[in-house]
Amino acid sequence: MRDVFSIASGLIFGLGLILGGMSDPAKVKAFLDLFGNWDPSLAFVMGGAIAVGVFAFAAGRKRETSWTGERMEIPTSKVIDTRLIVGGVLFGAGWGIGGFCPGPALVALGSGMAPAAAFIVAMLVGMVVHDRFLAKR
Amino acid sequence: MNIDWNAFTPWASLGGGLLIGLASALYLLGNGRVAGIAGIVASPLRAVMGGGSLAPERARLLFILGLLLAPWLWQLFAPMPAATLDVGWPTLLLAGLLVGIGVRMGNGCTSGHGVCGLSRFSGRSLANVLAFMGAGFATVFLIRHVLA
């Protein structure tokens, strides 16, 4: 059952990204182009997701274990530090340059878009570079 | 500011958002985990690089498999919507590198800090979201309206 929840979550998440328009880097960039021909659609993706998420997290917070009996792993950190902000800025810059964030890049890869593979390999390299050389010690 | 009404897809985007929220709810309530894709990718990667076991990564790997299969499921019912990339490979590699470093340093991306973090009213996530949204707007502004 755990496996069913895992794969179904990934599938539904991916379908949501496709339906919402996030799997098209051009649409993502049109959303980020506030001062050009702005396409506000993706704000509706975030709004819709949070509208459901608020109830899910309110329910999840009251539980000790999940439906399948696993411990609830909801983040507890409240630390706002330089790394959180610099990390966000670097991510946002990469997002603006390529039009891909991690989820949509995986969906694009699944759909057979070859350049998405290059993006993902570079992203994995970036993650390793961070963990090897830039991680907090 | 000029809104591109022809490209505007509020209903489809809202529907997509609701599906993403539903998926995050299933992963949270079903498996007790936060559907943050940066972390879902980074954790098995760390296991592989460190020579650790992939067994604890099962839920994450299956979630990734679901994401990869989503376009196949979609195409059983409808053609994939157009997806256009306007940058070449070297630029895309730079973008990927920045995204990889950034999401690890900030510990999350559009899903973990964006959808899940804001859904649980986390101030920490809001700070990260403001940073990446601001940087995203600024980057596209620079590329399209200053450098171009």
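Predicted model: local features only at pLDDT ≥ 70, side-chain atom pairs only at ≥ 80, totals over all residues.

User: How do you know what confidence the predictor has in chain B?

Analyst: Look at pLDDT, the predictor's confidence in each residue, from 0 to 100. Chain B averages 96, and 100% of its residues score at least 70. For the complex, the predictor gives an ipTM of 0.97 and a pTM of 0.97.

User: What makes something a helix or a strand here?

Analyst: Both are DSSP runs, numbered from the N terminus: helices are H or I with at least four residues, strands are E with at least two. By that count chain B has six helices and one strand, in the order β-α-α-α-α-α-α.

User: Why is H1(B) called largely enclosed?

Analyst: A residue is buried if 20 or more other C-beta atoms lie within 10 Å of its own, exposed if 12 or fewer, and partly exposed in between, with C-beta atoms placed from the backbone. In H1(B), 17 of the 22 residues are buried, so the rest of the structure largely encloses it. Across the 148 residues of chain B, 53% count as buried.

User: How do you know the span of H1(B) agrees with what it should be?

Analyst: The expected span is 1.5 Å times one less than the number of residues. For H1(B), residues 10-31, that should give 32 Å, and the end C-alpha atoms are 31 Å apart, so the two agree. Just after H1(B), B:Gly32 takes a positive phi of about 75°.

User: What makes residues of chain B count as touching chain A?

Analyst: Two residues are in contact if their C-beta atoms, placed from the backbone, lie within 7 Å. On that basis, 104 residues of chain B are in contact with 108 residues of chain A. H1(B) supplies the largest share of chain B's side, 21 residues.

User: And which classes does that side of chain B have?

Analyst: Ala, Val, Leu, Ile, Met, Phe, Trp, Tyr, Cys and Pro count as nonpolar, Asp, Glu, Lys and Arg as charged, and the others, Gly among them, as polar. Sorted like that, the side has 67 nonpolar, 29 polar and eight charged residues.

Notes. Residues numbered from 1 in each chain as written. Chains lettered and ligands numbered in written order.
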